[in-house]
Amino acid sequence: MPSLKDLRNRIASVKATQKITKAMQMVAAAKLRRAQEAAEAARPYSERMGSVLANITQAVGGGGDAPALMTGTGKDDVHLLVVCTAERGLCGGFNSQIARHARDHIRRLLADGKQVKIICVGKKGFDILRRDYASMIIERVDLREVKTLGFVNADAIARKVIHLFNEGAFDVCTLFYSQFRSVISQIPTAQQIIPAATAASAQPETADGASAVYEYEPEPGEILSDLIPRNIAVQIFRALLENAAGEMGAKMSAMDNATRNAGEMINKLSITYNRQRQAQITKELIEIISGAEAL
Amino acid sequence: MAEAFKFELVSPERLLVSAEVESVVIPGAEGEMTVMAHHAPVMTTIKPGVVTVKNASGSEERYVVFGGFADIVPAGCTLLAESAVAVKDVDRADLARRIQEAKEDAADAKDDQSRSKAEQFLSQLTTLEGAILPA
């Protein structure tokens with residue numbers, strides 16, 4: 001049985017913890033709002049990029065002059081996985097969800113006899129994947145110092161990926177991130193970015209009937225070879241933003257849970273404390289009374 | 001007064017302009033062009049330069065863009081810029097950094113084709129610097 005002093009200390013420490021988790025929850029809520037705004041602000045660009053890309057792909061017609069980034073190398077022996085996770089923990093199952101999704105994918109690929117390479121974006125995913133697949137991780141991108149995610153960050157990652165592709169280091173590139181649905185639901189997603197699977201995702205705008213008579217300056221093939229790398233950067237940027245919003249959402253609900261748990265614990269400890277204090281008082285009273293009777 | 005049309009300037013981070021405008025001057029990869037209402041459908045890449053937007057009300061706004069492309073249809077014009085800022089907000093240090101990077105790229109280029117591309121980009125950047133930083 002812990003003494004009264006021990007109980008008092010426990011209650012004080014749980015209260016302190018509760019204050020911290022409460023503060024973290026509020027910080028996450030504020031950051032979530034900002035992350036959501038950023039994700040929304042980025043949406044018009046990626047949407048228009050999609051429709052423009054669909055238009056131009058139609059014009060080029062997937063012919064011989066389509067760049068390799070789009071058509072792929074014709075093989076699928078070596079897979080590159082870009083796994084985007086958060087830099088910080090304390091956000092529930094957010095990071096492990098993404099890592100698990102990636103791990104399942106890796107297992108499937110390895111079972112098929114493919115070769116796998118991994119680029120980790122964010123510290124947490126690296127920590128988890130390092131345990132099983134340390135030898136496959138070829139690169140680790142650290143965004144710890146980054147305060148607000150900019151397109152520059154995504155562009156740097158995209159450049160690395162494209163550079164590797166041009167060197168023939170891999171055939172297929174898949175992006176892993178968490179899609180932000182709501183504060184309580186983030187869906188780990190895998191998206192293939194090389195070769196680009198745009199045709200299915202974006203329908204060309206044929207409503208104005210203008211797509212057929214476009215003039216291109218310079219040639220469509222040339223524009224396309226400029227556009228595809230940019231599109232990869234945009235996809236990565238979008239993934240990073242979704243991740244940022246998802247991380248904050250997950251952190252918010254995790255911290256909300258923690259605050260509630262701490263509250264319950266404080267209640268339970270207070271009851272034990274009060275009971276024990278009362279027991280001691282009663283005991284002392286009995287001692288005094290029986291002492292007085294004895295006289 | 002010329003007819004107004006819909007113009008949108010979008011960077012990956014946000015939507016900068018979405019307005020009815022009279023004309024827009026775009027620094028196309030193969031020369032500057034002025035877009036007005038009912039322009040023939042054109043798709044062009046753009047080089048680093050200044051976009052001049054003339055609003056329907058007659059006022060003018062200028063934006064610096066660093067590469068991207070424009071999608072022009074009779075109904076409107078969408079400019080997808082890799083990075084865009086209003087001329088008055090241009091960060092000299094940022095521009096200097098980009099020029100420095102372009103110089104390094106030009107120096108590192110392995111073959112003639114990529115070198116000429118990098119040098120072209122560098123000259124576009126320095127022209128831009130001269131155009132927007134008079135003082």
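Which residue of chain B stands opposite A:Tyr216? In this predicted model, with local features needing pLDDT of at least 70, side-chain atom pairs needing pLDDT 80 or more, and totals for chains, interfaces and linings using all residues, residues are numbered from 1 along each chain as its sequence is written. Chains are lettered from A, and ligands numbered from 1, in the order in which they are written.

A:Tyr216 faces B:Met43, which lies in strand 4 of chain B. Pairing requires at least two DSSP bridges between the strands. Helices (H or I, at least four residues) and strands (E, at least two) are DSSP runs, numbered from the N terminus.

The interface joins 24 residues of chain A to 24 residues of chain B. Contact here means C-beta atoms, placed from the backbone, within 7 Å. Helix 1 (4-60), strand 6 (215-217) and helix 7 (220-294) of chain A each give two or more residues to this side. Helix 1 supplies the largest share, eight residues.

Chain A as a whole has seven helices and six strands. Its C-alpha trace spans about 115 × 45 × 30 Å along the principal axes. Of contacts between residues at least 6 apart in sequence, 79% join residues at least 24 apart.

Confidence is given as pLDDT, the predictor's score for each residue from 0 to 100. The mean for chain A is 85, and 92% of its residues reach 70 or more. Residues 199-211 fall below 50, yet this stretch has 23 contacts in the model beyond near neighbours in sequence.

Technical notes:
Two residues are in contact if their C-beta atoms, placed from the backbone, lie within 7 Å.
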